[in-house]
Amino acid sequence: MTAQNPTDYLDDFKRDGFVVVRGILSSQKLEDLRAASLSAEKFARSGQWPHIRAVGRQFPPWTFSMERGIWGVQHLMSPELPGHEVFTRQYFSEEILSIVRGLLQCTDDDLVMEIFNMLVRPDSDFELRWHRDDIPAEATAEEEMERLSRPAFHAQYNFALWEDESLVLVPGSHKRPRNNTERNAQPFEKVLPDQLVVKLGPGDIAFYNNNILHRGVYDSKKKRVTLHGSVGHSDGSKLRARNVLQHGIATSVDKLDFSQLGDGERQRAEEMRARLVKLGGESGDVGYSQRG
């Protein structure tokens, strides 16, 4: 659902588990991101970037394999990746974080740096099964509700640089366990009752609770570059640790370069990074949320 003001963002996010905000960037910033993303995508497709999402692998741990091509590029802010300066400015931008603060009902002092990756057109059609990001498919209804009854402590997003209709979700399913139809459905069931295809235009961003019931459908014939990120709330602590650290971000976080950011943004970025480092230090071996 498209929101018109910050109050609507929060109301829709709570009720539906997602909200779409249209056209958050100027045309120049959008073009800068497109240029950076195409450079990063080309670099990854050439086999020079080991941090990819390979076709055939749906969830972490991500392994380097170019055999079937890629559907994602990890660690966009890493200094070794072309375009990292543009991606870093965008992740810590007020356009993104002002909405996040509204959704999480917090201040900059609560924000935690999490993931920032890119989802791209696969070389062959590829789909993700129905899932919740941090609740395994084998969970009972009681186990699902044990997690869903707690605050989300994050705002995950898909930010489309070109048109994107890849995210499919069931509105409101972030507040309840799967019903019998959903629980008995095949993992790659084409249609579930009440599902919605989230349609994004260039510059549109969809924020969603990543424990909403959802899947991804990736068409090899359609151009796709969508920035995929999340920002956390410090109160999430170990509840968020596995969901974030399983992506391997802890190995590169110290290398990120924030020198290009303005004074206020640089201080905010450093503090967000420090909270992530603290989270990693407190959490130990977190394992993985899903298999496959």
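This report describes charged side chains and their pairings in a predicted model.

## Salt bridges in the model

Side chains of opposite charge can pair when their charged atoms come close. With a cut-off of 4 Å between a side-chain nitrogen of Lys or Arg and a carboxyl oxygen of Asp or Glu, the model contains 25 salt bridges.

Glu94 counts as partly exposed because its relative accessibility is 37%. Arg268, with a relative accessibility of 8%, counts as buried.

Arg268 also meets the side chain of Asp108 in a salt bridge, with an N to O distance of 3.4 Å. This pair links distant parts of the chain, since Asp108 is found in the loop between α4 and β4 (111-120) and Arg268 in helix α8, 160 residues apart. The relative accessibility of Asp108 is 25%, so this residue counts as partly exposed.

## The pair Arg240 and Glu114

A further salt bridge joins Arg240 to Glu114, where the closest N and O atoms lie 2.7 Å apart.

## A network of four residues

Salt bridges can also be described as a group. In this model, Glu41, Arg45, Arg121 and Asp123 are linked in a network of salt bridges.

Arg224 is located in the loop between strands β10 (214-218) and β11 (225-233). Its relative accessibility is 7%, which lies under the 20% limit, so Arg224 counts as buried.

When residues up to four places away in sequence are not counted, Arg224 touches Leu119, Val120, Arg121, Asn158, Asp164, Ser166 and Tyr218. One of these contacts, Arg121, is also a member of the salt-bridge network described above.

Notes
Residues are numbered from 1 along each chain as its sequence is written. This is a predicted model: local features need pLDDT of at least 70, side-chain atom pairs count only at pLDDT 80 or more; totals for chains, interfaces and linings use all residues. Side-chain values use heavy atoms; hydrogens and water are left out. Buried means under 20% relative accessible area, exposed over 50%, partly exposed in between (1.4 Å probe, protein chains only). Helices (H or I, at least four residues) and strands (E, at least two) are DSSP runs, numbered from the N terminus. Contact means heavy atoms within 4.5 Å.
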